[in-house]
Amino acid sequence: MPVFEVALSAELNHLTALRPQEPETEYEWAFQLECSQCREATEEVSFTTAHEEALPGSRGTAHFVMKCPFCANQFSASLVKNSVKAVDDTDRMTPIARFEWRGATPTAFVPRDRWVAQSTASATTFDAIPLSEKEFFEYDEEGGTDVSVSELRTEVTKV
Ligand SMILES: [Zn+2]
């Protein structure tokens, strides 16, 4: 099954360990897709990995199942277990997760809300970071400093 890697880079100001919150249960993974059969682009889709769906016509399961709205080709996706990693570095493309995709090619990864990061100035953890807005600015009271996420970029590549 084709595996795709999602990578993210961001300018982290006094923050480290940026990652989706509850990636294996609650986090909403969102992608733009292209059908492998008819090549039509599909509207943004999203799914959590809290449950698995049965794949029609097979004994397998996936975290996400849908039919192409244009040609009815079946799409499915699953988060690869234990593949989620945090972004520690600043301004460098870092792999954050891997997904198995069948029937469709993910052309873009779209960050949604609910990310978490650790302050480098104190023991403060920031959660519910809304990366759908592409940037985040806060003040770390304990560390006495501004913290921010900016210059957000993502990419999806076939492994
Ligand atoms: Zn199609």
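1. The protein chain has 14 strands and 0 helices. Both are DSSP runs numbered from the N terminus: helices are H or I with at least four residues, strands are E with at least two. This is a predicted model, where local features need pLDDT of at least 70, side-chain atom pairs count only at pLDDT 80 or more, and totals for chains, interfaces and linings use all residues. Residues are numbered from 1 along each chain as its sequence is written.

2. Overall dimensions come next. Along the principal axes, the C-alpha atoms of the protein chain fill a box of roughly 55 × 25 × 25 Å. Of the contacts with a separation of 6 or more, 60% join residues 24 or more positions apart. A contact here has C-beta atoms, placed from the backbone, within 7 Å.

3. An open sheet is formed by 6 strands, in the order β7-β8-β9-β1-β14-β13, with antiparallel pairing. Strands pair if DSSP finds at least two bridges between them. Neighbouring strands are turned by 25° against each other on average, direction ignored. The axes are lines fitted to C-alpha atoms, and angles run from 0 to 180 degrees between N-to-C directions.

4. Within this sheet, look at β1 and β9. Strand β1 (residues 3–13) and strand β9 (residues 94–102) run antiparallel and are joined by 6 bridges. Valine 6 has alanine 97 in β9 as its bridge partner.

5. Buried residues make up 26% of the 159 residues in the protein chain. The cut-offs count other C-beta atoms within 10 Å of a residue's own, placed from the backbone: 20 or more is buried, 12 or fewer exposed, in between partly exposed.

6. The largest nonpolar core has 32 residues. Such a core is a set of buried Ala, Val, Leu, Ile, Met, Phe, Trp, Tyr and Cys residues joined through C-beta atoms within 7 Å. Leu18, Phe99 and Val149 have the most contacts inside it. β1 gives the most to this core, with 5 residues. Leaving aside residues up to four places away in sequence, phenylalanine 99 touches Phe4, Val6, Ala77, Ser78, Leu79 and Val80.

7. Alanine 128 is not a glycine, yet has a positive phi of about 55°. This alanine 128 lies in strand β12 (residues 125–129), and counts as exposed because it has 9 C-beta neighbours inside 10 Å. Lysine 134, also not a glycine, has a positive phi of about 70°. Lysine 134 sits in the loop between β12 and β13. With 13 other C-beta atoms within 10 Å, lysine 134 is partly exposed.

Terms used. Two residues are in contact if their C-beta atoms, placed from the backbone, lie within 7 Å.
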